[in-house]
Amino acid sequence: MQVKIYENHWLFKLPYIKEYTAITLAPYILVRDKIDEDTLFHENVHIQQIEKLGITRFYITYILWFVVNLLKYRNVIDAYSRIPFEEEAYRLTKEHFKK
Ligand SMILES: [Zn+2]
């Protein structure tokens, strides 16, 4: 997939969205400020997940996990961070940079 990165993206001016550092909307990676190594690695994990599952299946599964987690944890941060795609991306990023 040919990925294009947009830094300082206007989307992050929106409430709620501005809490995030970057969002992958394949084939684009939208970044709030300037992208750093960790964020680039994390978002690239999502690109690989998307390439594996296909764009439609990835986003449908992602949103379903978010909803299920929201009902379970009643908390947006947990609902987001416990999506298996996010858990994998955070774990691989941590392992890669040996933090
Ligand atoms: Zn992520």
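This is a predicted model: local features need pLDDT of at least 70, side-chain atom pairs count only at pLDDT 80 or more; totals for chains, interfaces and linings use all residues.
Let's start with the sheet. Three strands form an open sheet, and their order across it is β1-β3-β2, with mixed pairing. The edge strands are β1 and β2, each of which pairs on one side only. From one strand to the next, the twist averages 20°.

What does "mixed" look like here? Take the two pairings in turn. Strand β1, residues 4–6, and strand β3, residues 28–31, run parallel and are joined by three bridges. On that side, Tyr6 stands opposite Leu30 in β3. Strand β2, residues 22–25, runs antiparallel to β3, and four bridges join the two. Ile23 has Leu30 in β3 as its bridge partner, and Thr24 has Ile29 in β3. So that you have the background: strands of a sheet pair through backbone hydrogen bonds, and they can do that either parallel or antiparallel.

Now the connection between β2 and β3. How many residues lie between them in the hairpin? There are two residues between β2 and β3. Pro27 is found in this loop, and the peptide bond leading from Ala26 to Pro27 is cis, with omega near 5°.

The other loop to look at is the one between β1 and β2, where Asn8 has its place. Asn8 is not a glycine, yet its phi is positive, about 50°. For context, most residues other than glycine have a negative phi, and most peptide bonds are trans. Please find both spots in the viewer.

Next, the whole chain. The protein has four helices and three strands. Read from the N terminus on, the elements run β-β-β-α-α-α-α.

On to the helices. Helix α1 lies across β2 and β3, and runs at about 25° to β2. Helix α1 covers residues 37–53 and packs with helix α2, residues 55–73, at an angle of about 115°, the axes being 6 Å apart. The crossing, as α1 passes α2, is right-handed. Which residues make this contact? From α1 there are Gln49, Ile50 and Leu53, and they meet Ile55, Arg57, Phe58 and Thr61 in α2. Sorted by type, the residues of the contact of α1 with α2 are four nonpolar, two polar and one charged. A reminder about helices in general: there are 3.6 residues a turn in an α-helix, so residues three or four places apart point the same way.

Two helix lengths, then. Helix α2 has 19 residues and reaches 26 Å from its first C-alpha to its last, close to the 27 Å expected at 1.5 Å a residue. Just after α2 comes Arg74, with a positive phi of about 55°. Helix α4, residues 84–96, has 13 residues; from first C-alpha to last it reaches 18 Å, close to the 18 Å expected at 1.5 Å a residue. Just after α4, Lys98 takes a positive phi of about 50°.

Last, the overall dimensions. Taken along the principal axes, the C-alpha atoms fill a box of roughly 35 × 30 × 30 Å. Why compare the radius of gyration with a compact globule? Because a compact globule with 99 residues would have a radius of gyration near 13 Å, and the protein has 13 Å, which agrees.

That is the tour.

Definitions and conventions: Residues are numbered from 1 along each chain as its sequence is written. Axes are lines fitted to C-alpha atoms, for helices over the stretch in contact, and angles run from 0 to 180 degrees between N-to-C directions. A crossing is left-handed if the near helix is turned anticlockwise from the far one by less than a right angle, and right-handed if clockwise. Two residues are in contact if their C-beta atoms, placed from the backbone, lie within 7 Å. Ala, Val, Leu, Ile, Met, Phe, Trp, Tyr, Cys and Pro count as nonpolar, Asp, Glu, Lys and Arg as charged, and the others, Gly among them, as polar. The expected span of a helix is 1.5 Å times one less than its number of residues. Two strands pair if DSSP finds at least two bridges between them. The radius of gyration is taken over C-alpha atoms; the globule rule is 2.2 Å times the number of residues to the power 0.38.
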